[in-house]
Amino acid sequence: MDRLLVTGGAGFIGSNFVHHLVDHTDATITVLDKLTYAASRESLADLPESRVQLVVGDIADSATVDPLVAAHDTVVHFAAESHNDNSLSDPSPFVQTNIVGTFTLIEAARRHDSRFHHVSTDEVYGDLALDDPKRFTEDTPYHPSSPYSASKAGSDHLVRAWVRSFGLRATISNCSNNYGPWQHVEKFIPRQITEVIDGRKPRVYGDGLNVRDWIHTEDHSSAVLAILERGEIGETYLIGADGERNNLEVVRAILRHLGRSEDDIEFVRDRAGHDRRYAIESGKLRSRLGWQPQYADFDAGLAATIEWYLTHETWWRPHKDAVEAFYAAKGQ
Ligand code: NAD
Ligand code: DAU
């Protein structure tokens, strides 16, 4: 694992992962990123040029992908269209990037016998009832609800089939909801933090009782690195930090941290097909690879994240109006 190709490394989780690699390994890293609306060159700007290089390109373009995969020993695949609400408005880029893009990468990895890690989501398992005592495990059947989660499920199935049929040296991880610095303001936590900063009310879909299992992005990074270093080829690992909270609890915490009344909430139109609850059982990752989350205090992590958005307004401000116009048009 000396030369890593990290797809989507200019996005939220990918850029945090590249920082994690620079801090915790000696690897040199090439980021392959199309620089969509969700990307940020700035998130990589402070990294040493001797360690990290950015190539702007599309993972679905074989002419770009093949020589890059050939020149690296390991591929870590984060690149995706990642936002459920966008997938409900226009599913097409989700199929193109998440399915065709993943196909293009694993074909190249097969040709060059590369070690491949596929980053995926807990949403492939569908949702759980609020009172269900079960959590998702590696054996939970796939049951995706949205165009986004269906496209990620499709990409997971491709990787699994390439392992079995072609001996691709791949692992897969399915992680729960990430939060932390550099997350686009379209996503729930940054949207609500920046709404409150702007003196407005957080916008909560439906009754606000939907549960997400929050994990700090730094813990996602350390888990992916543990899988790269110690994971068994062909295995899937669920990544989670026991962070279940409903959306109302999260917005109330944001309001509290920013000195506003916890009742200052606007309930808006629900998301179509809105998954009720996600919950991860990450015992396999913990027991087999010895991984533990280091940022499990959600309230402290949220406070640090709020502070980050307060001090990085020049980064998120240029995107805020377009995001709010998108939601306003949908009554959200
Ligand atoms: P993001 O939207 O912030 O970043 C995605 C990155 O991929 C961007 O930099 C974008 O430019 C790049 N990209 C998109 N299409 C591309 C293409 N065709 N070619 C090359 N680059 C392209 O997403 P994120 O939240 O950082 O998610 C990263 C990965 O982690 C995704 O695979 C996502 O499914 C998965 N994941 C996300 C979460 C979460 O909570 N955000 C949780 C579990 C898994
Ligand atoms: O579970 C992992 C997934 O988490 C990842 O695969 C996705 O890439 C990532 O975007 C995230 O998906 P969600 O749909 O869970 O995240 P989102 O931030 O869009 O919404 C979180 C919850 O908040 C969800 O119940 C919808 C709700 N919500 C969202 C927004 C943007 C609101 O109530 N109001 C909002 O304004």
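Modeller: Start with ligand 2. In this predicted model, 25 residues surround ligand 2, and the closest are Thr121, Asp122, Tyr148, Arg271 and His274.

Biologist: Which side chains place a polar atom by an oxygen atom of ligand 2, and how far away?

Modeller: Look for pairs of N or O atoms within 3.5 Å. A polar side-chain atom of Asn84 sits 2.9 Å from an oxygen atom of ligand 2. For Asn177 the distance from a polar side-chain atom to a ligand 2 oxygen is 2.7 Å. Arg191 also places a polar side-chain atom 2.7 Å from an oxygen of ligand 2. On its own, ligand 2 has 690 Å² of accessible area, and the protein covers 95% of it.

Biologist: What kinds of residue make up the shell around ligand 2?

Modeller: Sort them by class. The shell of ligand 2 holds 7 nonpolar, 10 polar and 8 charged residues. Next, ask which elements supply them. Helix 6 (188-197) and strand 8 (203-205) each give at least two residues to the shell around ligand 2.

Biologist: Now ligand 1. Which of the residues around ligand 1 come nearest?

Modeller: Of 28 residues around ligand 1, the nearest are Ile13, Asp33, Ser82, Tyr148 and Lys152.

Biologist: Which backbone atoms lie 3.0 Å from atoms of ligand 1?

Modeller: A polar backbone atom of Gly11 is 3.0 Å from an oxygen atom of ligand 1. Thr36 has a polar backbone atom 3.0 Å from an oxygen of ligand 1. At Lys34, a backbone N or O atom is 3.0 Å from a nitrogen atom of ligand 1. Ligand 1 taken alone exposes 840 Å², of which the protein buries 97%.

Biologist: Which elements give two or more residues to the shell around ligand 1?

Modeller: They are helix 1 (12-24), strand 5 (115-121) and helix 5 (147-166). Strand 5 provides the largest share, 3 residues. By class, the shell of ligand 1 splits into 13 nonpolar, 11 polar and 4 charged.

Biologist: How many salt bridges does the structure hold?

Modeller: The general idea is simple. Side chains of opposite charge can pair when their charged atoms come close. This structure holds 27 salt bridges. In one of them, Arg111 pairs with Asp66, with the closest N and O atoms 2.8 Å apart. Arg111 is in helix 4 (residues 92-112) and Asp66 in helix 2 (residues 62-70), so the pair ties together parts 45 residues apart in sequence.

Biologist: Is Arg277 buried or exposed?

Modeller: Compare relative accessible area with the cut-off: under 20% is buried. Arg277 has 4%, so Arg277 is buried. Its salt-bridge partner is Glu244, with closest N and O atoms 2.7 Å apart. Arg277 sits in the loop between strand 13 (266-268) and helix 9, Glu244 in strand 12, so the bridge joins parts 33 residues apart in sequence. Glu244 is partly exposed at 33% relative accessibility.

Biologist: Which residues are linked in a network of salt bridges?

Modeller: Arg191, Glu195, Asp198, Arg200, Arg203, Glu313, Arg317, Lys320 and Glu324 form such a network. Arg191 is also the residue with a polar side-chain atom 2.7 Å from an oxygen of ligand 2.

Terms used. Residues are numbered from 1 along each chain as its sequence is written. Chains are lettered from A and ligands numbered from 1 in the order in which they are written. This is a predicted model: local features need pLDDT of at least 70, side-chain atom pairs count only at pLDDT 80 or more; totals for chains, interfaces and linings use all residues. Side-chain values use heavy atoms; hydrogens and water are left out. A residue is near a molecule or strand if one of its heavy atoms lies within 4 Å of it. A polar contact is a pair of N or O atoms within 3.5 Å; within protein, one must be able to donate a hydrogen and the other to accept it, and residues adjacent in sequence count only if both atoms are side-chain atoms. Accessible areas come from the Shrake-Rupley method with a 1.4 Å probe; for residues, only the protein chains shown count as cover. Helices (H or I, at least four residues) and strands (E, at least two) are DSSP runs, numbered from the N terminus. Ala, Val, Leu, Ile, Met, Phe, Trp, Tyr, Cys and Pro count as nonpolar, Asp, Glu, Lys and Arg as charged, and the others, Gly among them, as polar. A salt bridge is a side-chain nitrogen of Lys or Arg within 4 Å of a carboxyl oxygen of Asp or Glu. Buried means under 20% relative accessible area, exposed over 50%, partly exposed in between (1.4 Å probe, protein chains only).
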